[in-house]
Amino acid sequence: MVRIRQHVNPLSPGYEVFRGLRPRLEPGRPVELEVGCADAQFLFERAAVDPDRHYVGVEIREDLVDLVNERARDEGVPVHAVFCQAQLHLPEIFAPASVDRVYVNFPDPWFKRRHHKRRMVDAALAVGLAHVARPGADVFFQSDVWDIALDAMETFERADDAFVNQAGEWTFWRRGNPYGVRSWREANAEATGLPIWRILYRRR
Ligand SMILES: C[S@@+](CC[C@H](N)C(=O)[O-])C[C@H]1O[C@@H](n2cnc3c(N)ncnc32)[C@H](O)[C@@H]1O
């Protein structure tokens, strides 16, 4: 059995250089991206609903990346995981304006104040997403941690007008997850009755 590390520090120098493998993406086939995909449950479920797209999960825990890719190969589904530090490497993985939809599902466990700098949604991630998302692409965020959700909203609202909040400026999305599938953390939060804070942006 493979032992998966629970957390890694994304600020470690070992993550600065991109060492992942770029997936082969067929031109004309829409691409959905999950940032911090872990086991990629969300993407596997999306692929079951609509197998004609590419589903790319980026993830900083290398062991998980290998497991996701093994499962995708075994099941013959268009899910690809890429080992990377998402804040730094999105433009190395995707061509400009080539991603059709972005999910940021329950980004991190770093809700302690001293771990503030390790948060995944920050200005650098927003710049990377603005670069790779095509105009009109949905950028969907959800978290069960209020501080993290509020921080994410501040980041996207201040990201140089690149993203338009679909619920109105500085407003959470209250109409649930519109995509019909659940990430592992989302299913867990729902089962335990935790509130889930969602935000839906569209790339301008
Ligand atoms: C709490 S898990 C949520 C996993 C999944 N999205 C879900 O909702 O079930 C957050 C994931 O993001 C990954 N992660 C955190 N920071 C990252 C970064 N800078 N780049 C890529 N992945 C990151 C973590 O390793 C972890 O697997």
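Q: Why is V82 called buried?
A: V82 has 24 other C-beta atoms within 10 Å, and a residue counts as buried if 20 or more other C-beta atoms, placed from the backbone, lie within 10 Å of its own, as exposed if 12 or fewer do, and as partly exposed in between, so V82 belongs to the buried class. Residues are numbered from 1 along each chain as its sequence is written. The model is predicted, and local features therefore need a pLDDT of at least 70 and side-chain atom pairs count only at pLDDT 80 or more, whereas totals for chains, interfaces and linings use all residues.

Q: How do you know which residues V82 is in contact with?
A: Two residues are in contact if their C-beta atoms, placed from the backbone, lie within 7 Å. Leaving aside neighbours within four places in sequence, the contacts of V82 are G20, L21, R22, P23, V56, V58, V65 and I93. As for distances between C-alpha atoms, those of V82 and V35, which are 47 residues apart along the chain, are separated by 10.0 Å.

Q: What makes β3 count as largely enclosed?
A: V82 lies in strand β3, where a strand is a DSSP run of E with at least two residues and a helix is a run of H or I with at least four, both numbered from the N terminus. In β3, 5 of the 5 residues are buried, so the strand is largely enclosed by the rest of the structure. In a regular strand the side chains alternate between the two faces of the sheet. In β3 both faces are covered, with V79, A81 and F83 buried on one side and H80 and V82 buried on the other.

Q: How do you know that β2 pairs with β3?
A: Two strands pair if DSSP finds at least two bridges between them, and 5 bridges join β2 to β3, residues 79–83, with the strands running parallel.

Q: What makes the units around β2 right-handed?
A: A crossover is right-handed if, with the strands pointing away from the viewer, the path from the first strand over the helix to the second runs clockwise. The unit made of β1, helix α1 (residues 41–49) and β2 has this hand. The chain then crosses from β2 through helix α2, residues 62–75, to β3, and this β-α-β crossover is right-handed too.

Q: What does β4 pair with?
A: β1 and β4 run parallel and are joined by 3 bridges, in which L33 has V102 as its partner. β4 also pairs in the parallel sense with β5, residues 133–143, over 6 bridges, and N105 stands opposite Q142 there. Of the 7 residues of β4, 6 are buried.

Q: How do you know which residues have the most contacts inside the largest nonpolar core?
A: A nonpolar core is a set of buried Ala, Val, Leu, Ile, Met, Phe, Trp, Tyr and Cys residues joined through C-beta atoms within 7 Å. The largest such core has 52 residues, and V58, V102, L129 and V139 have the most contacts inside it. V139, not counting residues up to four places away in sequence, touches V102, L129, A133, F163, Y201 and R203.

Q: What makes up the shell around the ligand?
A: A residue is near a molecule if its C-beta atom, placed from the backbone, lies within 6 Å of it. Of the 21 residues around the ligand, G36, A38, A86, S183 and R185 come nearest. β2, α3 and α6 each supply at least two shell residues, and α6 gives the most, with 3. Ala, Val, Leu, Ile, Met, Phe, Trp, Tyr, Cys and Pro count as nonpolar, Asp, Glu, Lys and Arg as charged, and the others, Gly among them, as polar; the shell accordingly divides into 11 nonpolar, 5 polar and 5 charged residues.
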